[in-house]
Amino acid sequence: MTNDPIPNIKAKALWMRRRSFQMVYEAQLGHPGGDFSATDILATLYFGVLNFDPAQPNWPERDRFIMSKGHASGSLYTVLSAAGYFPEDWLSTYMGNKSRLNGHPNRNYLPGVETNTGPLGHGMPVAVGIAIAGQITGATYRTFVLTGDGELQEGSNWEAASVAGHRKLNHLTLIVDRNRLQQGAGTEETNTLDPLDDRFRAFGFEVFMVDGHDHAALLAVLSAPPGEKPRAVIANTTKGKGVSFMEHQAKWHHGVPNAAQFAQAMEELV
Amino acid sequence: MAHAVETAGLYDCRDAWVKTMMALAEVDDRIVTVVNDSIGSSKLGAFQARFPDRTINVGIAEQCMVGVGAGLANGGRIPFVSAASCFLTGRALEQVKADVAYADFNVKLIGQSSGIAYAELGPTHHSIEDFAWLRPLTNLTVICPADAWETAEAVTWAAAHEGPVYIRLSRMPVPLLDIPNRVFRPGKAETVREGQDVAILACGTTVHLAAAAADLLKAVGIAARVLNFSTINPLDEAAIDAAAETGAIVTVEEAGIRGGLGGAVAEYTASNRPVPVERVGFPGFLPTGSLEYLFKEHGLTAEGIAAAARRSMMRAAR
Ligand SMILES: Cc1ncc(C[n+]2csc(CCOP(=O)(O)OP(=O)(O)O)c2C)c(N)n1
Ligand SMILES: [Mg+2]
């Protein structure tokens, strides 16, 4: 391959982790654990998979990405900025008074945001609607939606999955950030999700399991051309990935760093 | 009388909520909690440790959570369904309407971190529409306590009361209202300041601000009555009739001005006793910002409420 995207994806993911953590540190607000588990997925999508033009955010043929786990806005805002949708210095306003960078993404504030999220379980139905619009108009764009795993406890996801399976929305890909933690505890101790792959198969999806921090593996599965069915990509991830004291820790769901923790994270994220 | 705002410490009403729950559950084993991955934000960690079998965490599934509450009531339990009020009332609105209110089950809905407690997280996480959504459900008692004392009283009353109740709590620290010999009377407004020139009707986190506004007005010779209107449904119509006698009304709430306490008072006075009503609260979806910023921008300060009182009095004089 002449133009290997992996080094760029890797560099972008590192920058996103550092920059989003700085945003959380400065705002003393945010959801850094879920930012870090999603970072590699977002970097791979925007720098290896999605067909988009930041100069034309409403280009009808663009691929769509829906960030259903809207609480991880630090990862979404950094990737959109890196992708050229808005200047990097906007990131410094994260959650400030009158900022465009609200705690949860708002499509009316920022180019590149397809729909407003924050309450869990909203992204899938909207993504299904986008995919149906493409299906009935014969458009070629693809629709990707990222949910948390705890988020899948919301019934709305399964209502939408049923519609997607029924209508064979083969241009739709659901990615599950399978970090096995939700807000207060593990997913399996709270409300069992496994066997997630079989569940999605039963709903009419083609299912892939992938290491959600392996850029090459993510790139291969996410850029594979559409098949016959909607796809579910279960990305096995680590909440807080990249910072030793944050990994697999529920308290970093919405924990924010003090100065020493921020400094240590910056030392580790290199 | 010393001013509560100046002399008292500040209390997170969730501490009063959980302390009361622990005490009630100790003596009544029918009491259970139902949550949506919200043990931490509901401060129910100690409750879960003490009563693991009586803490039902359904996961992130609010519609299911409220339905489960109705089922637990059918099974003879007294469920306290506790979740961030934005999701409890917004996401599960039809379950609240059909399974709790219309079916008239003995379910207690506890809206946590209501109003704009999650300020910077934005309108999805604000709960400023809940009064408008729930107030029309006639048999659902809606209470928004003003301080830690009233929170404990309301939770205790709700546990003993047979019927659906919504209690709207905040995580914003507020002072104890300085009112001697207080008695909690659901459905009745409580007098915080006496006055005949204008009446300020407030609830929840804004009552102490209304009291401070009355003190500002007093300094310029205006005697403002302040009422703690903690019960929004049923409405204390006699207190509104009496307030209308002053000739000018102000309503104050950490909620939308459409359909909430202000909406209820405007509805009642327009039909029964026309009088100027200035509504202080939020006009709609709010921009990104801190709680302090958003309160100030929308006149939820002593100065802002005092200004609204003057506006109401000026309208009355016209
Ligand atoms: C409808 C709804 N209920 C509750 C919440 C509060 N909440 C925010 S994030 C979260 C946990 C999400 O867990 P998961 O989906 O696994 O996300 P991740 O681990 O990737 O952060 C909860 C309960 C919410 N945002 N929306
Ligand atoms: Mg998770």
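In this predicted model, the secondary structure of chain A consists of 9 helices and 5 strands. Read from the N terminus, its elements follow the order α-α-β-α-α-β-α-β-α-α-β-α-β-α. Along the principal axes, the C-alpha atoms of chain A fill a box of roughly 50 × 45 × 40 Å.

Further values describe the interior and the surface of chain A. Of its 270 residues, 57% are buried. Among contacts in chain A with a separation of 6 or more, 75% are made by residues 24 or more positions apart. The chain exposes about 10,400 Å², and carbon and sulfur atoms supply 51% of that area.

Attention now turns to chain B. Here an open sheet of 7 strands is arranged in the order S3-S2-S4-S5-S7-S6-S12, with mixed pairing. Its edges are formed by strand S3 (55-57) and strand S12 (231-233) of chain B, each of which pairs on one side only. From one strand to the next, the twist averages 20°. Helix H2 of chain B, spanning residues 13-27, packs on this sheet. The helix touches strand S2 (31-35), strand S4 (78-84) and strand S5 (108-112) of chain B, and its direction makes about 140° with that of S2(B).

Strand S6 of chain B, residues 141-143, pairs with S12(B) in the antiparallel sense over 2 bridges. Within this pairing, B:Val142 has B:Asn233 in S12(B) as its bridge partner.

The cysteines remain to be considered. Over all chains, the structure holds 0 disulfides. B:Cys64 is in no disulfide, and the nearest cysteine sulfur, that of B:Cys86, lies 18 Å away. With a relative accessibility of 41%, B:Cys64 counts as partly exposed. B:Cys144 is likewise in no disulfide; for this residue the nearest cysteine sulfur belongs to B:Cys203, at 4.3 Å. B:Cys144 is buried, its relative accessible area being 4%.

How values were computed
Residues are numbered from 1 along each chain as its sequence is written. Chains are lettered from A and ligands numbered from 1 in the order in which they are written. This is a predicted model: local features need pLDDT of at least 70, side-chain atom pairs count only at pLDDT 80 or more; totals for chains, interfaces and linings use all residues. Side-chain values use heavy atoms; hydrogens and water are left out. Two strands pair if DSSP finds at least two bridges between them. Helices (H or I, at least four residues) and strands (E, at least two) are DSSP runs, numbered from the N terminus. Axes are lines fitted to C-alpha atoms, for helices over the stretch in contact, and angles run from 0 to 180 degrees between N-to-C directions. Contact means heavy atoms within 4.5 Å. A disulfide is a pair of cysteine sulfur atoms within 2.5 Å. Buried means under 20% relative accessible area, exposed over 50%, partly exposed in between (1.4 Å probe, protein chains only). Accessible areas come from the Shrake-Rupley method with a 1.4 Å probe; for residues, only the protein chains shown count as cover.
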